[in-house]
Amino acid sequence: MHHVVLERWSRGTSALHRRDPRAKLTALVVFLVVVATAQHMLPQLTAALFLLLAATLLYARLPLWGALARTALVLPFSLVFLLVCWMAGDPARGLALVAKSYLSALAVLIVVSTTPLHALLRGMEMAGIPRFLLMVVQFLYRYLFVISEEAQHMTNAAAARGATFRGAVARGARFHAAAGALAVLFVRSYGRAAGIHSAMLARGFLGRFQPLHEDHFGWSDALFLSLASLAPVLVRIAVERV
Amino acid sequence: MHIPDGFLSTPVWATLDVAAAPAAALLVRRAQRDFDESKIPLLGVMGAFVFAAQMINFPVGIGTTGHLVGGALLAYTLGPAPASVVMCAILAIQALVFQDGGVLALGANVLNMAVFGVLAGYLPFYLWGGGKWRRSAIFVGGVFSVLTSAILALAELLLSGVKMPAMVLGISLALFLVSALLEGAITLTVVQALEAIQPNVIQRRTGGLPLLTGAVGAVAVLLGGVGVVFASTAPDGIWKLAAQTGIASRATTLLSTPLSNYHAAFLQGGWLPRASAGIAGIALVYVVCLVMARMAARRRSA
Amino acid sequence: MRPLIEVRNLRFCYEDGTPALNGVDFRLYPGESVALLGPNGSGKTTFVLHLNGLLQGKGEIEVCGMEMNRQSMPEIRRRIGLVFQDSENQLFMPTVIEDVAFGPLNRGMPAEQARERAHTALATVGMTAASGKAPYHLSAGEKKRVAIAGILATEPDILVLDEPTTFLDPPGQRALAELLQHLPQAKILVTHNIAFAHALCNRAVFFRSGTIQGEGSVEDVVSRFGWNFSLERSKSQP
């Protein structure tokens, strides 16, 4: 599964993996803004920024082709719009959408596959995003695996019972069966949340999650931040001036 | 529909980020009032449930299937503000881990799906969820939640200058309607199945509001949604109207100092001022959010 | 000798009025390991959830000389480490080390010290190498070990384990039994696994319909209540 692979990548040990999550997040936002606001010389700029990201992938010792292929998840949506723009007589805009969305998604993927999600969330907390929301994200991600597995078991069980009848009546029955399965999954998830809550109380939870890690924003992080933020900006200046 | 980065024009995504941040912060605070930190696992696990629910397919016909989107169902079970927070968390995971929806476009997606989608889904339930119209309210809530999100996303794309031939626009509106009706049907059937096995998880709404009040509210939501689409397909027309009524000039003077420079930089300047305007915009978003959060926190502790 | 746990006439009904415990009397002495046997729904798990106040019925509960009440609850919860049946619910933090440090951090321990405690606990259960991993990626046996480490990190006097062998294969069960044999704490074991109870416990009590029906050595209780599994192999099979 996609998120399992990204999580494995995020446990690497390259220099990029070791940088402070805040530095990576800030550099990411700068890159995204450079891409989002670009309007001229798009083919050349796309190529140059693409090379920059590819170099970053190699620097982080991530599998180049694997990362490029995973980023293609954004393409179906973008390609539909390419078609729409082309029909509206504006193919250039369509190509720009494809290029910009791909570059942006690749940049996000690089940050996520060099930073474990909990470290990323910690970085966001220090940037002022409400902790409550980030904790919800953290628990969501933690139990995503578990609940998805339960859902998979349920669909397998439904398939094993031969839920492949055709025709309108059978479709109605299958619709209700799927709703029943969702209701059961809902109740189980609810029950699991209650179990987690009990375990938290039993282990002495007093109403607030205490952090174990303290991030230190060091000189190498500052250096990385300035280089990584300058690079896309300089690339754009160079491309648009030449 | 999750909008990726690169699809929205800078004024659109920047404005929506500015708008989404305080909205989300407000909803988080409301959710925190009902659920202290010890209930965070419930919200997280229900988010994981909505994610996993996408694996369970509902037959639609002609060989296609659909799945639950979940905003309305979450609102009926957790309440609107916690449901919004859960949807925000889902969108964040989708943007970061699944490359589904952009990061700069997160403000747009949060407003479309987690804020307006959930609230529009909850409105009919809030109005009629306690009376004899309960079933219809649940169904209509599901329809509204998806329709509102989709129409808003479409409007934002149109505002950003993505041109769509009339035919494509028609087809996508029709598709939105179909998926909205499907969401209504799924939400209603799941709620009924839930009431059979564990009735206490659905929120109780005692007594409904008068039919008329509710109808007016619902029509307002629909008109709002449709109005946005028309406004964005014909921004010139709206601008002309605004100019005629004198709103435009007043608005311009009102927003003159920082925004006119911002606007001018975008239209005339080279890319460098435009980019710095973008970065300044982000910094502005950041500062505004931080100040609002601080103020909220101070008011809370006072 | 003063008992670590003393329970007198404990009664409990669920919200819908179903009685779950009908007057339970129980004592646990230092150094003891007691198996709670009995049919599903006989009240074993309901009983252990009372021991650290997760459920509150009528009756008296004393833990390490403290009467169970709102003031003593945090300290009682530190003294009694409860290992739940489903480790997935117990390991809710994103990484193993954060999870094991959860207990110490919640008791106000500084992060550095909590981290040290967590490392010691992980070493005790032989899971040092997993400290940076996400709990989801561990095997069932490893999850159980980490869950126990999370409990040990708060230095409890009593370990309560609810069906610890549920998701474990036989080698995993053996490894868990060996680990538990080496832990000095008094133990309460809720289990259907007679071999496991036999290996670890010097006493057993038998629950039925919310009361304790009898107690004695594990063999004694098993034979008295017919609480084992053996079946003649069918003759018709080759």
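Mentor: Start with α4(A) and α11(A), which make a right-handed crossing. Keep in mind that this is a predicted model. Two numbers are needed here. Packed helices are described by the angle between their axes and by the distance between those axes. For this pair, α4(A) covers residues 42–59, its axis comes within 10 Å of the axis of α11(A), and the crossing angle is roughly 150 degrees. An angle over 145 degrees counts as roughly antiparallel. Therefore α4(A) and α11(A) are roughly antiparallel to each other.

Now look at who touches whom. From α4(A) come A:Gln44, A:Leu45, A:Ala48, A:Leu49 and A:Leu52. They meet A:Ala231, A:Pro232, A:Val235, A:Arg236 and A:Val239 of α11(A). The contact holds 8 nonpolar residues, 1 polar and 1 charged. An α-helix has 3.6 residues a turn, so residues three or four places apart point the same way.

Next, follow the chain out of α4(A). A:Arg61 sits in the loop between α4 and α5 (64–71) of chain A. Its backbone deserves a glance. Most residues other than glycine have a negative phi. A:Arg61 is not a glycine, yet its phi is positive, at about 55 degrees.

C:Glu163 lies in the loop between β7 (158–162) and α8 of chain C. It has 18 C-beta neighbours inside 10 Å, so it counts as partly exposed.

In chain C, α7 (residues 140–152) and α8 (residues 170–182) pack at about 20 degrees, with their axes 10 Å apart. That angle makes α7(C) roughly parallel to α8(C). The crossing of α7(C) with α8(C) is right-handed. On the α7(C) side, the residues that meet are C:Ala140, C:Gly141, C:Lys144 and C:Arg145. On the α8(C) side they are C:Gly172, C:Ala175, C:Leu176 and C:Leu179. This contact has 4 nonpolar, 2 polar and 2 charged residues.

Go back to chain A for a buried helix. In α8 (residues 117–126), 7 of the 10 residues are buried, so this helix is largely enclosed by the rest of the structure. Its buried residues are A:Leu117, A:His118, A:Leu120, A:Leu121, A:Arg122, A:Gly123 and A:Met124. What covers them? The cover includes α3, α7 and α9 of chain A, together with α4 (80–97) of chain B. Just after α8(A), A:Gly128 has a positive phi of about 100 degrees.

Contacts link 79 residues of chain A with 68 residues of chain B. Several helices of chain A each supply at least two residues to that side, among them α1 (2–10), α3 (21–37) and α11 (219–241). The largest share, 20 residues, comes from α10(A). By class, the chain A side has 50 nonpolar, 19 polar and 10 charged residues.

Finish with chain B itself. It has 12 helices and 2 strands, and 45% of its 302 residues count as buried. Pick out α7(B), residues 166–197. It has 32 residues and reaches 47 Å from first C-alpha to last, close to the 46 Å expected. Its buried residues include B:Ala180, B:Leu182 and B:Glu183. With 19 C-beta neighbours inside 10 Å, B:Ser172 counts as partly exposed. A residue needs 20 or more to count as buried. The C-alpha atoms of B:Ser172 and B:Ala150 are separated by 9.3 Å, although the two residues are 22 apart along the chain.

Technical notes. Residues are numbered from 1 along each chain as its sequence is written. Chains are lettered from A and ligands numbered from 1 in the order in which they are written. This is a predicted model: local features need pLDDT of at least 70, side-chain atom pairs count only at pLDDT 80 or more; totals for chains, interfaces and linings use all residues. Two residues are in contact if their C-beta atoms, placed from the backbone, lie within 7 Å. Helices (H or I, at least four residues) and strands (E, at least two) are DSSP runs, numbered from the N terminus. Ala, Val, Leu, Ile, Met, Phe, Trp, Tyr, Cys and Pro count as nonpolar, Asp, Glu, Lys and Arg as charged, and the others, Gly among them, as polar. The expected span of a helix is 1.5 Å times one less than its number of residues. A residue is buried if 20 or more other C-beta atoms lie within 10 Å of its own, exposed if 12 or fewer, and partly exposed in between; C-beta atoms are placed from the backbone. Axes are lines fitted to C-alpha atoms, for helices over the stretch in contact, and angles run from 0 to 180 degrees between N-to-C directions. Angles under 35 degrees count as roughly parallel, over 145 as roughly antiparallel, 65 to 115 as roughly perpendicular and the rest as oblique. A crossing is left-handed if the near helix is turned anticlockwise from the far one by less than a right angle, and right-handed if clockwise.
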